[in-house]
Amino acid sequence: MKKNEKGITLFSLVITIVVLALLAAVLVNASIDNSPAMESLNAIRDDYYEEQTQTEEKVNRMVNGWENIIL
């Protein structure tokens, strides 16, 4: 085996690992974006934020009501 072959082999190994990492990233991203589970989770998140906003509004109204009674 020649010494030049080791460098080329190491270089090709690095290139192969980089290409595989890029392909894995693309596949994971594609599977997450088009997943019905992700759509469901997004809907649940939106519902949660809506409920949180409504709860904050109710608490603010209640606090303002008590301030009016006390003051």
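**Helices, exposure and a salt bridge in a predicted chain**

Modeller: The chain has 2 helices and 0 strands, assigned as DSSP runs numbered from the N terminus (helices: H or I, at least four residues; strands: E, at least two). This is a predicted model, in which local features need pLDDT of at least 70, side-chain atom pairs count only at pLDDT 80 or more, and totals for chains, interfaces and linings use all residues. Residues are numbered from 1 along each chain as its sequence is written, and side-chain values use heavy atoms, with hydrogens and water left out.

Biologist: Why is isoleucine 17 called exposed?

Modeller: Isoleucine 17, which lies in helix 1 (residues 3-33), has 51% relative accessibility and therefore counts as exposed. The term means over 50% relative accessible area, buried means under 20%, and partly exposed is in between (1.4 Å probe, protein chains only).

Biologist: What makes aspartate 46 and arginine 45 a salt bridge?

Modeller: Their side chains meet at 3.4 Å, N to O. A salt bridge requires a side-chain nitrogen of Lys or Arg within 4 Å of a carboxyl oxygen of Asp or Glu, so the pair qualifies. The structure holds 1 salt bridge.

Biologist: Why is aspartate 46 called partly exposed?

Modeller: Aspartate 46 is at 42% relative accessibility, so it counts as partly exposed. Arginine 45, at 40%, likewise counts as partly exposed.

Biologist: What percentage of the 71 residues is buried?

Modeller: Buried residues make up 1% of the chain.
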